Amino acid sequence: MFYTSTRDKSVRVTSAEAITKGISPDGGLFVPMEIPKITPDFIESLVPLSYIERAKAVLKLYLTDFSDDEIAECVEGAYREGKFSSEKVAPLYKLSETANVLELWRGPTCAFKDMALQLLPYLLTVSTGKTLKDTQVVILVATSGDTGKAALEGFCDVPNTKILVFYPVDGVSPMQKLQMTTQEGANVSVCAIEGNFDDAQSGVKKIFTDKDVEKKFKENGFAFSSANSINWGRLVPQIVYYVSAYCDMIENGSLKNGEEINVVVPTGNFGNILAAYYAKRMGIPVKTLICASNANNVLTDFLTTGVYDKNREFYCTSSPSMDILISSNLERLLFHLCGEDDTQIKEWMSQLAENGKYSVNDDVFAEIKALFAAGCCDDNGTKDTIKRVFQEKNYLCDTHTAVAVKVYDEYAAETGDKTPTVIASTANPYKFSASVLSAITDTVNADNEFDTVDELLEKSGAPVPSQLAALKGKTPRFTGVSEKENMKQVVFDMLGI
């Protein structure tokens, strides 16, 4: 299995090289040169297995330059007993006759990013052992909230690495901010920027491809990699949980092997739903991929019109991890759908950079319409959905999951589609306690974040994760704020070069 770049298909690298580099030097994203196929018999063989054993089987198809022992060591380290609050790692909760909530937030930082970022440090350690010698890896991260903490937690004190996280100063929840700024570890740093997530993400990608930065890093024995979903090592573990969810539905009798499911994903950067697309391409019988957006509905508009246009108002919403107008992982999908035409991808990405807008051709748009449905939900709809689901189902969901539930309900009502459906649930509700509390009660008496947590516990009865409760009274280590234009200097200052 080899990987190429979305912007230069003459590139040919191993999975270890793709994971180590994070992004191609031409600015493109690494994608598999072929997508492995799985059969119904293969799926059947996974059904009785644990999540760990399923992960080994799926990852082996993509990481062919890793030995079986190396894959086993990585997976067992990432998902070992005690790291996740459910024995299933990513359990399903039956919300209705057709809807099943895939709880991806059972890990140490209470967000779905743990599913990949508990594994990525192990993958990167093995990869750098194969590709780099006498070099310290610098993990550079832009975050809209959850990736930052999950990456910091995953890479904390991992030998021969440093991790630097940038987040929008006013674009994360109080709990997300506290999780990041109180992070322990000798190799971690965090900095807020004046701007939004797109500014942080664009700044990170610019630093990755800056030749002057590359030269300075080489002189000092550093090399970049990424923990964002632009890194294939972040994306490939996410494929596993869609395969595993399908197996769980067979196991619990919700469907028979070979029957179709729908998958609903709340997403801003398109990585989480792209993983479901890869699962479908592999052979998981997914009927429709349903993309759920908040008020920053650039993906909804694109998937329904074929025109990507980020020239619009940016909203700070109650689902901040989706407050994104430049969806990086969409580039991977377009590469696959346009016949791996790297020239076309470069043209579209150039138009996006220069004009903030591009339109796909009719053939690509026809493929998109055949694969995807899309919808969006503003903060009022999010709030109403949290309240309704809690009152009717006694199930407390966070603001991002609520967006997905709302979009799914509208899709089901409009189409009459009764296909069994997996809804990706991306965060524990206590990460967004103020928004969730205000949705389920008419009067909020809390004065600060942890009073809010206490009141939400009292009103809902849903348990507070111990790792969030433990943040109470902690003093932030990282309080710096930078202009977005100064991100490169912040990196140098953090590294002391």
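This is a predicted model: local features need pLDDT of at least 70, side-chain atom pairs count only at pLDDT 80 or more; totals for chains, interfaces and linings use all residues.
The structure holds 23 of them.

Lys 488 lies in helix α22, which covers residues 487-495. Asp 210 sits in the loop between α9 (197-208) and α10 (211-220). The pair therefore ties together parts that are 278 residues apart in sequence. The two partners fall into separate classes of accessibility: Lys 488 is partly exposed, with a relative accessible area of 31%, whereas Asp 210 has 17%. Because buried means under 20%, Asp 210 counts as buried.

A second salt bridge joins Arg 388 to Asp 409, and their closest N and O atoms are 2.6 Å apart. Here both residues lie in helices. Arg 388 belongs to α17 (residues 379-393), and Asp 409 belongs to α18 (residues 399-415). The pair thus ties together parts that are 21 residues apart in sequence. Arg 388 is partly exposed, at 29% relative accessibility. Asp 409 is also partly exposed, at 29%.

Lys 60 and Asp 68 form a further salt bridge, with 3.5 Å between the closest N and O atoms. Lys 60 counts as partly exposed, at 44% relative accessibility. Asp 68 counts as partly exposed too, at 47%.

How values were computed. Residues are numbered from 1 along each chain as its sequence is written. Side-chain values use heavy atoms; hydrogens and water are left out. A salt bridge is a side-chain nitrogen of Lys or Arg within 4 Å of a carboxyl oxygen of Asp or Glu. Buried means under 20% relative accessible area, exposed over 50%, partly exposed in between (1.4 Å probe, protein chains only). Helices (H or I, at least four residues) and strands (E, at least two) are DSSP runs, numbered from the N terminus.
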